[in-house]
Amino acid sequence: MAKEKNLFYCTECGNEQTTWFGVCPACHAGGTCAEAPSSKKKVHASKNLLVNDPVAINKVTAKDEERITTGFSELDRVLGGGIVPGGLVLVGGDPGIGKSTLLLQVCQNMANSGLNVLYISGEESLKQIRLRANRMGDFSDSLKLLSETNLETIEATVLDQKPDAVVVDSIQTMYREDIGTAPGSVGQVRESTNSLMQLAKGENIPIFIVGHVTKEGTVAGPRMLEHMVDTVLYFEGDKQAVYRIIRGVKNRFGSTNEIGVFEMRNNGLNQVLNPSEYMLEGRAKDASGTVVACLMEGTRPMLVEIQALLSRTNFGQPRRTAVGTDYNRVNLLMAVIEKRIGLQMADYDAYVNIAGGMKVTEPALDLALVMAFISSFKNRVISPDTIVFGEVGLAGEVRAISQAEQRVAEAKKLGFKKVIMPAVSLKNIRENDIELIGINDIKEASEQI
């Protein structure tokens, strides 16, 4: 009989080796070697494996299951139309951003609609959860609370209660006794997520798991964690601001470009059904360097205010600051303006801000940034009833962007009178109640200011 081999793994990155090591060959961390428990050791006994016969794809029957609504249309949109039974959803975000508050409100909505929901917390006691819930209104007895971190106990409770949905807050506090590492380690997070995934698929129960993020903004734990789950949602926003944005970065059952906008209030999070109007509240209408742009987040057009400020530098090296957009893109567009129009901005400090705290990377922002820079440089005000969008190339040309008709329709709905856009996109627009100005290059854009 062949001798069973020991298996060792790194507690930092999860790299597995068949021999003990002092320094991990993958992440080069020292003192992180741990022996895997017997449940993780690989046994190669092919003659004892069960064999499943392959099945032709046309013989596999699959029907679209009815999704479970979260009670928030904004969140349902990001999820692709609601919660898929048996789906495993990872919700990440900075500490204090509102992840637990949002999921507790989702549990409240589902329980009040008659579903049995189990909320499991490894960070708070039952009294602490209740104190947080007091400001959210009435709760149904269909919502059950459990304060537990042992995965074996949690699995037994779920199998006994058979809830319609489960929330686990957070995955970094969960542990399995057969994994000889502390909660939050790579091995514990990986094995805990794997156990919850098997539970969700086997019992057809949707499970939400909360994941903390690192200082780099990614979910703490192995990268494999995001590959294991069906959906990854990131909760973004400044903790000091009232707005929150939930963004889908992975979704096996829907689009990954959708976002949901929420507002933090005393009674919890309220969804913002018209984020364009919300983002433009209180904007200055008689200041140079400001312009409204229309961006697409998935299928939704959103209007945001672009603010640019140019001032002569008092230092040898001009200062450039960008909040909410790519810093390198700002430098590139300023170089294009200098080369193609002749406006000398090399000795100017430049500050760019996307009002409302949005983080924007879409190329359609380019033309609005260029016009904001020119407006600030010339100290001329762009008409407040004007909206701008378009991509700008290195030659100064204004290139076409996608979904131009939806952007124009959104501008019209919010009362804007003029749209400055790429000339090549005009052929796709059928609107006649709003002035459309086609731009071929940034020189023509400069003439509009």
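## Methionine 371 and the cores

Methionine 371 is in contact (heavy atoms within 4.5 Å) with Ile382, Val388, Ile420, Ala445, Gln448 and Ile449, leaving aside its neighbours within four places in sequence. The model is predicted: local features need pLDDT of at least 70, side-chain atom pairs count only at pLDDT 80 or more, and totals for chains, interfaces and linings use all residues. Residues are numbered from 1 along each chain as its sequence is written, and side-chain values use heavy atoms, with hydrogens and water left out.

Met371 belongs to the largest nonpolar core, which has 47 residues. Such a core is a set of buried Ala, Val, Leu, Ile, Met, Phe, Trp, Tyr and Cys residues joined through side-chain atoms within 4.5 Å. Buried means under 20% relative accessible area, exposed over 50%, and partly exposed in between, with a 1.4 Å probe and protein chains only. Ile306, Ile337, Met358, Leu365, Leu367, Met371 and Phe373 have the most contacts inside this core. Its largest share, eight residues, comes from helix α9 (residues 366–378). A second, separate core has 31 residues, including Ile68, Phe72, Val91 and Phe235. In soluble globular proteins, nonpolar side chains tend to be buried together.

Helices (H or I, at least four residues) and strands (E, at least two) are DSSP runs, numbered from the N terminus. Helix α10 (residues 404–413) buries Ala404, Arg407, Val408, Glu410 and Ala411. These residues lie on the same side of α10, because they cover an arc of only 160° around the axis. The arc is that of the directions from the helix axis to the C-beta atoms. The buried residues pack against α7 (275–279), β13 (290–297), β14 (300–312), β17 (386–388), β20 (418–422) and β21 (435–439). Glycine 415 follows α10, with a positive phi near 90°.

Serine 276 is found in helix α7. It counts as buried, at 0% relative accessibility. Beyond its neighbours within four places in sequence, serine 276 is in contact with Pro301, Met302, Leu303, Glu410 and Leu414. Its C-alpha atom is separated by 32 Å from that of proline 85, 191 residues apart along the chain.

In helix α3 (residues 126–133), the buried residues are Ile129, Arg132 and Ala133. Their arc is only 100° around the axis, so they sit on the same side of α3. The face turned away from that buried side carries exposed Lys127 and Leu131. Cover for the buried residues includes α2 (99–112), β5 (117–121) and β6 (143–147).

Serine 170 is in the loop between β7 (165–169) and α5. At 0% relative accessibility, serine 170 counts as buried. Leaving aside its neighbours within four places in sequence, it is in contact with Gly122, Glu123, Val210 and His212.

## Packing of α4 on α5

Helix α4 (residues 151–161) and helix α5 (residues 186–203) pack at an angle of about 10°, and their axes are 11 Å apart. That makes α4 roughly parallel to α5. Angles under 35 degrees count as roughly parallel, over 145 as roughly antiparallel, 65 to 115 as roughly perpendicular and the rest as oblique. Axes are lines fitted to C-alpha atoms, for helices over the stretch in contact, and angles run from 0 to 180 degrees between N-to-C directions. Leu151, Glu155, Val158 and Leu159 of α4 meet Ser192, Ser195, Leu196, Leu199 and Glu203 of α5.

## Whole chain

The chain has eleven helices and 21 strands. Of its 449 residues, 49% count as buried.
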